[in-house]
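Thank you all for coming.

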Amino acid sequence: MQLTKEQEAKFKKLGINSISELALLIPHSYEDYRLQEKLIPHANQLIDATVESVYRAPNSIQITFFAHNFGHRVTGVLFRPKPYMMHQFKVGDRDYYYGMIECKIGNCSMSMPRKVTSIGQITPKYKSALRSDVMFRLTRELLNFENLREERLPEKIIEEVLALHFPTLEVLQNRELSQEAVEALKYLELYNYMKQLSLKRRYFQPLVSKRGFYDAFVNSLPFQLTDEQLKTIQDIQKDFAKSVAAKRMIVGDVGSGKTMVILAAAIMMMPQRSILMAPTTILANQLYEEALKYLPRMKIALVANKRKKASLEEYDFIIGTHALLYRELPEAALVMVDEQHRFGTQQRNMLEKLISKGEKKPHFLQFSATPIPRTLAMIESAHIDVSLITSTPYKKDIDSRVIHKSDFKDLLLHIKREIEKKNQILIVYPLVEQSEVLDYQSIDEAREYWERNFKNVYITHGKDKEKEQVLLDFRDNGDILISTTVVEVGISLPRLTTVVIVGAERLGLSTLHQLRGRVSRTGLKGYCFLYTNQKSSERLDEFVKTSSGFDIANLDLKYRKSGDLLKGINQSGSQFKWVDFIEDTQIVQKVKEDLLLLPKSD
């Protein structure tokens, strides 16, 4: 349906784009303008009344009504009346008035009575960016079965939602929304959001469409891949064979083996070239070393310096940092980005554009070690294909504990024992410099203690220009590393067995999980200590019982608003009001299936 300019302006003010989004803005209350014969105390009611007297006090007006429908006198009281109210009540006038009626010992009063003209109907009241009466008229103009059917919504959903805007007596009496109404609102919220996401998806012809093979690579590995790794590789294999360029996000928990999926993708793309961009020199180096180890027949290049200008034409697989964006890159049929959230959208798009040819695009895979709830992955799949790797090749043995000041002696003994075993310790502080606001030591305040009492103490933080070198030196020679959350992702520290997180309650559960994921990378017994000054924290207590990143992501949802996780994808600025990501998987699945049935032109 085509909106008028006036309606478009109102939509803009409401921050919506469609009639189905308007349907989501349901009334906050209803006013019953039907005339009743029985007076109901402590309820808003309509009276058919004659004004018998009007008394003006300094801050109020008192009106005596005779309510014909009840055969009873009612005293109306207006507090701090506006000038226009004075003229609404003239002695001898008979009109309809509406307000809250209270009765005490036979005397009934109506607070803030107002004159009403639309008699005999139940009128919804709206709280929105528009005035309530303007919003009321807009919903009457646009909300009807035909307009919502045009947006391809299921009939049952339309009926439930329209009943909230055009209420029946049943809706009025129930006070609470019915289960059916809540389900319909959840469906509508997801439908609007996922439809918007799917409209953002663009389809391009691939530079190369081919069926690649991975069996020989998988069989050559000295270990077995998990079922989820294999399923993800198969998804990518199918993507490469399609007539549209792949756009897939692979989300894996810490230590779930995403590197093997990256290498399998590069193998399947042979003899065409692949490019992989990683966020740090350390990570690019690690991926390069893994590629050399497991892909002996491929010519592999490492690009970590934008000043070197040697030709990259002879290589099958080019691995690098953002330095790749400043080099002349040869044509590549596959582009991959590791730890994609560490790059801006602009950087990711730049890499893709560097090797696109006209309308043709390379296949594009992005990898993330930040687990997201399964429900959220299903929602995001309206915009980009998603694969989840929720299991790890082997189960880590990590003890997690919440500790307090009283546990410090025991912690020191533990640290000394681990150092004797040639193991390493990571201590994460919330700040680099002292703060009056925060009740925890900073790195600057704490370092003197650790350096005085222990040898081989290394220190780094996010603003440290030498942090990558410090991490490498610590890996080879260190006992204790003192840091901010800079080590959340990246370098592999094979001897790291213990992480101590100071002020743990200040960090998101996903960040805590990433930090815990740094320890026990090579099967050693691991320890994670969450140091807090809080006497108790339900969040931290639940965290220490949970080891799966995907379960942690669900816990994060429980303790944070969904909008935090969606990171502003929902451009209207509203967070999900009705949807519960943990409970509503089935509704998400239903919306996804219904959207797939829509013609592509929709």
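Which residues of strand 22 lie on one side and which on the other, and are they buried or exposed? Before I answer, please keep in mind that this is a predicted model, in which local features need pLDDT of at least 70 and side-chain atom pairs count only at pLDDT 80 or more, while totals for chains, interfaces and linings use all residues. Residues are numbered from 1 along each chain as its sequence is written, and side-chain values use heavy atoms, with hydrogens and water left out.

Now to strand 22: G526, C528 and L530 sit on one side, Y527, F529 and Y531 sit on the other, and all of them are buried, where buried means under 20% relative accessible area, with a 1.4 Å probe and protein chains only. Strand 22 covers residues 526-531, and six of its six residues are buried; helices (H or I, at least four residues) and strands (E, at least two) are DSSP runs, numbered from the N terminus.

What does strand 22 pair with? Strand 17, residues 398-403, runs parallel to strand 22 and is joined to it by six bridges, with R401 standing opposite F529. Strand 21, residues 496-502, also pairs with strand 22 in the parallel sense, over five bridges, and there V499 has C528 as its bridge partner. Pairing here requires that DSSP finds at least two bridges between two strands.

Stepping back, six strands form an open sheet in the order 17-22-21-18-20-19, with parallel pairing. Strand 17 and strand 19 (457-459) are the edge strands, each pairing on one side only.

Let me turn to the helices. Helix 10 (residues 227-241) and helix 11 (residues 258-269) have axes that come within 10 Å and cross at roughly 30°, the axes being lines fitted to C-alpha atoms over the stretch in contact, with angles from 0 to 180 degrees between N-to-C directions. The two helices are therefore roughly parallel to each other, a term used for angles under 35 degrees. Contact, meaning heavy atoms within 4.5 Å, involves residues including I233, I236 and F240 of helix 10 and V261, A264 and M268 of helix 11.

Definitions and conventions:
Parallel < 35°, antiparallel > 145°, perpendicular 65-115°, else oblique. Buried < 20%, exposed > 50% of the residue type's maximum accessible area, 1.4 Å probe, protein only.
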